[in-house]
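Please open the model in a viewer and keep the sequence panel beside it.

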Amino acid sequence: MTDKELIDLAKNAAQNSYSPYSKFKVGAALLCSDGTVYTGCNVENISFGATNCAERTAVFKAVSEGKREFSKIAVTGSGDGSFSEFTYPCGVCRQVLSEFCKGNFSIVLSNGKEIKSIPFSEFMPFPFDDF
Ligand SMILES: [Zn+2]
C-alpha cells in the first residue's frame, strides 16, 4: 500500500462526510500492520461536541473489529472539494492515536501536489501514556 493509494482511500472516505455545519469534508484511511485498511469520515452533530473526526472514526472502526497494531494513517480534508491544503489531525485525535500507534507509525498528508509522511512522534512528542 503506497502513501498515494492511502491518500486516495482517504479522499474517497471524505465523500461520505456528514458535515452540514462546517462544510469541511475530512477522510482518513488507517493502514493496519496486517495490511487491512479502515476508512473514516467526519460525522458532525448539531450539538458540535458530539461530532466525531474522520481519524477517530477510522480508529474506532478498526479497534472495534479487533485490530490493535497500525502502520500509518492518511488524512485529507477539503471545504471546496479540491483537497489542496494539508489537513492535520486535531489534538483529540492525536491523543486517541497515541493510545494505539507506537514506534514507526506515521501520518500521511497531501495538498494535492505533494504527499508527506510525518513520524507520529513529531505530532505527539510527549503523549499522556505513562502513569
Ligand atoms: Zn480530530
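Which residues are buried in helix 2? They are Ala54, Glu55, Arg56, Thr57, Ala58, Val59, Ala62 and Val63, where buried means under 20% relative accessible area, exposed over 50% and partly exposed in between (1.4 Å probe, protein chains only).

Before continuing, note that this is a predicted model, in which local features need pLDDT of at least 70 and side-chain atom pairs count only at pLDDT 80 or more, while totals for chains, interfaces and linings use all residues. Residues are numbered from 1 along each chain as its sequence is written, and side-chain values use heavy atoms, with hydrogens and water left out.

**The whole chain**

Display the chain as a cartoon. Four helices and five strands are present, in the order α-β-β-α-β-α-β-β-α from the N terminus. These elements are DSSP runs numbered from the N terminus: helices are H or I with at least four residues, strands E with at least two. The C-alpha trace spans about 40 × 35 × 25 Å along its principal axes. Buried residues account for 44% of the 131 residues in the chain. Of the contacts (heavy atoms within 4.5 Å) with a separation of 6 or more, 60% join residues 24 or more positions apart.

**Helix 2**

Now select helix 2, residues 54–64. Eight of its 11 residues are buried, so helix 2 is largely enclosed by the rest of the structure. Gly66, which follows helix 2, has a positive phi near 100°.

**The zinc site**

Select the zinc ion next. Its coordinating atoms are SG of Cys53, SG of Cys90 and SG of Cys93, at 2.3 to 2.4 Å. Donors are N, O and S atoms within 2.8 Å of the metal (3.2 Å for Na, K and Ca); water is not among the atoms, so sites may look incomplete. The donor residues follow the spacing C-x36-C-x2-C in sequence. Cys53 lies in the loop between strand 2 (37–41) and helix 2, and Cys90 in the loop between strand 3 (70–78) and helix 3 (91–100), so this pair ties together parts that are 37 residues apart in sequence. Cys90 is partly exposed, at 30% relative accessibility.

**The aromatic cluster**

Select Phe86, Tyr88 and Phe123, which form one aromatic cluster. Rings of Phe, Tyr and Trp (its six-membered ring) pair if their centres lie within 6.5 Å; planes under 30 degrees apart count as stacked, over 60 as edge-to-face and the rest as tilted. The whole structure holds five aromatic pairs. In one of them, the ring centres of Phe86 and Tyr88 are 6.4 Å apart and the planes stand at 50°, so the pair is tilted. Tyr88 and Phe123 are likewise tilted, with centres 6.3 Å apart and planes at 40°. This second pair links distant parts of the chain: Tyr88 is in the loop between strand 3 and helix 3, and Phe123, 35 residues away, is in helix 4 (residues 120–123).

Val108 stands opposite Ser117 in strand 5. Four residues lie between the strands of this hairpin, in which Gly112 takes a positive phi near 90°.

Key: Pairing = 2+ DSSP bridges.
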